[in-house]
Amino acid sequence: MEIKAPRGTKDIFGEEVFLWQRLEEAVHRNAFLFGYREVRTPIFEYTELFARGVGEETDIVQKEMYTFSDKGGRSLTLRPEGTAPVVRAYLEHGFFVREPRVKWYYIGPMFRYERPQAGRMRQFHQFGFEALGFQEPACDAEIIALAWTIYKELGLLDLSLELNSIGCPKCKPRYIGALTGYLEEEKEALCENCLLRLEKNPLRVLDCKAEKCQEVFRRPSFPVIQDFLCEECREHEERLFRLIEGLGISFVLNPRLVRGLDYYTKTVFEIKVKTLGAQDAIGGGGRYDGLSQVLGGPEVPGVGFAAGMERIVLLLEKSGVSFAQPPFFYLAPQDEKGEEILLSLSQQLKGLNIPFYLDFAAKGLRYHLKRAQKMDIRFVVIVGEEERKSKAFSLKDMASGEQTLVSLEGLVEFWRRERTAC
Ligand code: HAM
């Protein structure tokens, strides 16, 4: 039987690759402009990193991790996210001593055993930004602005930003207490899943999409975290809101936004695009001031976000933009001698940064012209016996059908003229 790619994974090729390259280029360039440096961590880590970092009771750790034992009996997990590994690397390399404030970013595959659907994969890609050592709300604003800038630059429309605070170890337990009390009273109105969550991690109840639970959350009497924030968390939230407004980014306060990872403190946010349907979050993040300590390090504040690249590429595809760049010349030899001449021409073109596609002589001219058309290459350079005799190249314009004899200098001059005309 034919072997296929595993469920929830995909091959990326053809036109789509250009969208990925454009997206990656935007991430690298904006990271550079904002002063963030790339960090590359391993694809797998010790399972304990995620169990402790992301949280034992989260869906990610409970249900979605690709965990396996290696031949030495160690439990390893394919990374489901990038924040815990980045903080692990920061601690492991002693950054809190030599350079406590760092701004880092990453791009790469993540793995979660989820039910695949449009925009939800088992191997998916994220780019993410993490600022460690910064406790200022302005850093939260910078991270949000960075995400926003990249989405906008790519031309994404209908973005909405949802913000919330989920407090700190001082005030969060008070909210959890009030929430638990309220939900205990409303048990009959909750779904089965939420009853379980209520026992293990009541905040997770707020993630529930079931309509009967949503109805409970919408009640005016439903407790909201803003009524429980301590002074420090309230000030942090207010300043962040002012800064985000000052940057001209509109947002909505969503008091039920808690996010699916346990490490958050204070700020949490999500950026959504309605047209994506059920999987509408194209990025999310927040502050995680306690994560370093959970991983055995000192107190290190942190804030960051990560974006789902498949979802962004889906949006780019829907918008119909194309970043495809066909080579400039198609090189079509008619015989072995022609192959030698065009192989040597290709070296010269490369040296002049002129993009080309070289095919070989076993196929006739008809094949080459069809192929050039398919590849969207307008100018074909042909070398056969006639061209060899006149020590020149035939240059065929696929658009007009015109064919002329030109020298090497003529080809280069032609490319220069066409390029400046574009
Ligand atoms: P997250 O919300 O779990 O956060 O993931 C961030 C983004 O990754 C989501 O908004 C979504 O676009 C994308 N994503 C998640 N799961 C999938 C999937 N199965 N298929 C396709 N895309 C997916 C984090 O991962 C945190 N580490 C973000 C963060 C960084 N917080 C602070 N710093």
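Leaving aside neighbours within four places in sequence, Arg 197 is in contact (heavy atoms within 4.5 Å) with Asp 59, Pro 202, Arg 204, Val 205, Asp 207 and Cys 208. Arg 197 belongs to helix H8, residues 192–200; helices (H or I, at least four residues) and strands (E, at least two) are DSSP runs, numbered from the N terminus. Arg 197 has a relative accessibility of 16% and therefore counts as buried, a term that means under 20% relative accessible area, with exposed meaning over 50% and partly exposed in between (1.4 Å probe, protein chains only). The model is predicted, so local features need pLDDT of at least 70 and side-chain atom pairs count only at pLDDT 80 or more, while totals for chains, interfaces and linings use all residues. Residues are numbered from 1 along each chain as its sequence is written, and side-chain values use heavy atoms, with hydrogens and water left out.

In H9 (residues 211–218), Cys 213, Val 216 and Phe 217 are buried. Seen down the axis of H9, these buried residues fall within an arc of 100°, so they line one face of the helix; the arc is that of the directions from the helix axis to the C-beta atoms. An α-helix has 3.6 residues a turn, so residues three or four places apart point the same way. The cover over the buried residues of H9 includes helix H7 (172–185) and H8.The second largest pocket holds about 360 Å³ of space. On a 1 Å grid over the protein atoms alone, a pocket is an open set of points where a 1.4 Å probe fits, with protein on both sides within 12 Å along at least five of seven lines, and lining residues have an atom within 4 Å of a point. Grid points are joined across faces, edges and corners, and the volume is the space filled by probe spheres set on the points. Of the 16 lining residues, Cys 168, Glu 232, Lys 266, Asp 289 and Glu 299 are the closest to the centre of this pocket. Helix H10 (231–246) and strand E9 (265–273) each supply at least two residues of the lining, and the largest share, three residues, comes from H10. The lining divides into five nonpolar, five polar and six charged residues, where Ala, Val, Leu, Ile, Met, Phe, Trp, Tyr, Cys and Pro count as nonpolar, Asp, Glu, Lys and Arg as charged, and the others, Gly among them, as polar.

Cys 168 is buried, at 8% relative accessibility, and Cys 233 is buried with a relative accessible area of 1%. The cysteine sulfur closest to that of Cys 168 is in Cys 233, at 3.6 Å, too far for a bond. A disulfide is a pair of cysteine sulfur atoms within 2.5 Å, and by this rule the count is zero.
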